[in-house]
Structure formats: structure tokens, C-alpha cells
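Subject: Structure for your records, with notes on the ligand site and a sheet

Dear colleague,

I am passing the structure on to you below, followed by what was found in it. Please read the notes alongside the model.

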Amino acid sequence: MALATLHWKTDETLAVGKGATVQQFVASLGGDKLEIDVAPWGEGHLRINGREIAHVDGVKDRRQAFRAIKEIAERYVETHMLKSEKKTASIALPAVKAKLLEGKKGLIVGIANESSIAWGCAKAFRAFGAEVAVTYLNDKAKKFVEPLARALEAPIFMPLDVNTPGQMEAVFERISKEWGKLDFAVHSIAFSPKDTLRGRVVDVPREGFATTMDVSCWTFIRMAHLAEPLMRKGGTLFTMSYYGSQMVVKNYNIMGVAKAALECAVRYIAAELGPKGIRVHAISPGPLATRAASGIPEFDALLDKAKAKAPARSLVSIDDVGVATAFLAHDAARLITGETLYVDGGYHIID
Ligand SMILES: NC(=O)c1ccc[n+]([C@@H]2O[C@H](COP(=O)([O-])OP(=O)(O)OC[C@H]3O[C@@H](n4cnc5c(N)ncnc54)[C@H](O)[C@@H]3O)[C@@H](O)[C@H]2O)c1
């Protein structure tokens, strides 16, 4: 955010000029309102959206107070993204000079909103020049996904609830008709009924187990099945896993079992489709605060632990995950397959 984007105006409702006791200035940035007031005795305040952010006292006069507070406001805007900024920044695609995936076409399943891992992947693929087809869960989800699909210039935008028979087939039929080929597909969905996910693995009911495995694992196998005939010149299939597949992670429970099956499916499918030039990977990101993650109790503790323990001492972002995924779709990665790639700041190597 450049400093010059803040245009301060005096607040017409207050007395201004030399005689005024307190002078107020306002600036707006998207939907955010910034206010400065300064007094002749050298005191000043900065409020953003009504909340006091900074205060200066004891400077020479009103002019100096204004200069000091203005600088604080500009620095604040530079380092903290405000509400409105966050919105536009997260919808914007990263600027990438080299269109390394130009000519490639892929399907992205699992965008719920701008926090979704699938959205991080879609942004990266598109930024590298690929075209993407996007699906949304249902009408309720559509209004959140539509602006993102528009930002991606997705030529195919279709509903896909994997529990609705025929919807996945319809997506692949459309891709076949429109593109006649597919270079990559990202499966970034998982689901477990709340009572199944929150209970002990040893108590899991048959129905909850079946639903968890069906949505979180079998649908990837099905996607691979439908993608195979469209990947005549090879391609790359991706799914999202998590470290809880390998280690017992508190509260991950039955989803850990499903992710273990998913990673195993990745290896079998990689072996089966490898001779056709189709590569298959699981991406295993560190914890990210997404809608799906909100179903896991004490998720904040998981985030704190990840940050403290990871060699990188950092949480990952959906953009980190997206770029790593996009790299594996590049022809340069043609001899890498069957992998579970951790994008977790190195967390998984530490005891
Ligand atoms: N958030 C994390 O910390 C984390 C870490 C590692 C792996 N993952 C995995 O990443 C993937 C994406 O999750 P996310 O964290 O981006 O959350 P998210 O809530 O943004 O995405 C989950 C997606 O699953 C979709 N989904 C659920 N049921 C579906 C159904 N019946 N049909 C079609 N789509 C359905 C939702 O619509 C949503 O788009 C999941 O597989 C998740 O297990 C998440």
C-alpha cells in the first residue's frame, strides 16, 4: 500500500482554521475510515473505523502533531491490511512474469471462499498462465465462489456436490466437450459428520465412517477415474492431505484415518497411471484457518504449535500451498510422482 493513497480532508462538520481548538482530518480507504484529530497544544489521535490506534502528545504544535500522526497512519496502513484492502488483495491474483503453465487446462474442486486452499491453488495456476475450471458446492456457496471464478476468468463454472449422483460426471463431460483434454485436477475437499469427527476413532459409527471415507477419499479416486481418459498426453492429479494421516494429532481423529487412505490411494493410482504420463500427488499443508478447519476443536492451539515447532517458525499461507502445487504440474516435475509433499515449514521433520 503506497503512502500516497491516503488523501486527508478536513472534516467539514468541525470548525477549521487557526481559531479552531481541535482540527479533524478524515481519509477513507475502501470501506475503512481513518480519522486524525489534532489540538494546538501538540496532541493528536488516530482512529481507524472508530477505534483509537495511536496517540501523540507533547509535540510543538498542531502542525507537528498532524505530521506525526499522519506518518503513523501511513505506516499502519502499510503493515496492517485493513478490512477493505484484505478483500481486494485476497481476490487479486499474484503477479507472475513467467507464464510457466501457459496452454495447460485444469479443474479445481473445493473453493468455498477466499480462505480455501483450493483458491490458493487456483490463483497460482492462473497466475502461471493456466486456464481453470471451477466448481461450487451448491446455490448457497455459489455467491461466495462466483466472484472468485470471475477473477480467475474461469470458462467453466459448475455445481459439484459429490453426494449428488451425476454431478461429477457432468463436470468432466463439459470439460471433454469444451477443452477435449485435461492437464491437471485439484481435489481439495473433505467432510466428516460432526459427531463422527469429534468422537474417538474407536467409537466411530459405520455410517459416519462411510461418509468420511466416501467424501474425503473415494471422490478423489473417482476424479482420477474420470480424468484418465482426458489426460491422453499426461497430466497431474492433486489431493489435499494432512500430517494427521501419519501421526496421531489431537482432535483430528477419523479424518486422520481417511487421509492415510487418501495418501495410499495416491501411491496406487500413481503406479497405475504413471505409464500414461499421469502423475499423482498428495499435498500436505500445515494448518490453515479455513472453514473446514473451524470444525476441528482447539484449532488455534494447533496453529500456535505449528508456528513454534516448524523449523521455518512460520505458518503457511494458501499461496504457499498453491505455488508448490502449481510447480508439480509443470513439465519440469515430470519424474516426480506418488509424492506426499509437505508444505508446512518443515514441521513434519521435527520430533
Ligand atoms: N485447513 C487446514 O488446516 C488443512 C490442512 C491440511 C489439509 N487440509 C485439507 O484441504 C482440503 C481443503 O480444505 P480447506 O481447509 O481449504 O477448507 P474449505 O472449507 O475452504 O474447503 C473444503 C471444501 O470441501 C468442499 N466440500 C465438502 N463437502 C463436499 C461435497 N459433498 N461435495 C463437494 N465439495 C464438498 C466444501 O464445499 C469446501 O469447498 C481438505 O481436504 C482438507 O482436509 C486442510
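This is a predicted model, in which local features need pLDDT of at least 70 and side-chain atom pairs count only at pLDDT 80 or more, while totals for chains, interfaces and linings use all residues. Residues are numbered from 1 along each chain as its sequence is written, and side-chain values use heavy atoms, with hydrogens and water left out.

The ligand is surrounded by 27 residues, the closest being Ser116, Ser241, Lys259, Leu288 and Thr290 (a residue counts here if one of its heavy atoms lies within 4 Å of the molecule). By class, this shell holds 17 nonpolar, seven polar and three charged residues, where Ala, Val, Leu, Ile, Met, Phe, Trp, Tyr, Cys and Pro count as nonpolar, Asp, Glu, Lys and Arg as charged, and the others, Gly among them, as polar.

As for polar contacts (pairs of N or O atoms within 3.5 Å), a polar side-chain atom of Lys259 lies 2.8 Å from an oxygen atom of the ligand, and a polar backbone atom of Ala112 is 3.4 Å from a ligand oxygen. A nitrogen atom of the ligand is 3.4 Å from an N or O atom in the side chain of Asn163. Taken alone, the ligand exposes 810 Å², of which the protein buries 91% (Shrake-Rupley areas, 1.4 Å probe).

Turning to the sheet, five strands (DSSP runs of E, at least two residues) form an open sheet in the order β1-β2-β3-β4-β5, with antiparallel pairing (at least two DSSP bridges between two strands). Its edge strands are β1 (9-10) and β5 (51-56), each pairing on one side only. Strand β4 (residues 43-48) is joined to β5 by five bridges; among the facing residues, Gly44 has Val56 as its bridge partner, and Leu46 stands opposite Ala54.

Best regards

Methods:
A polar contact is a pair of N or O atoms within 3.5 Å; within protein, one must be able to donate a hydrogen and the other to accept it, and residues adjacent in sequence count only if both atoms are side-chain atoms. Helices (H or I, at least four residues) and strands (E, at least two) are DSSP runs, numbered from the N terminus.
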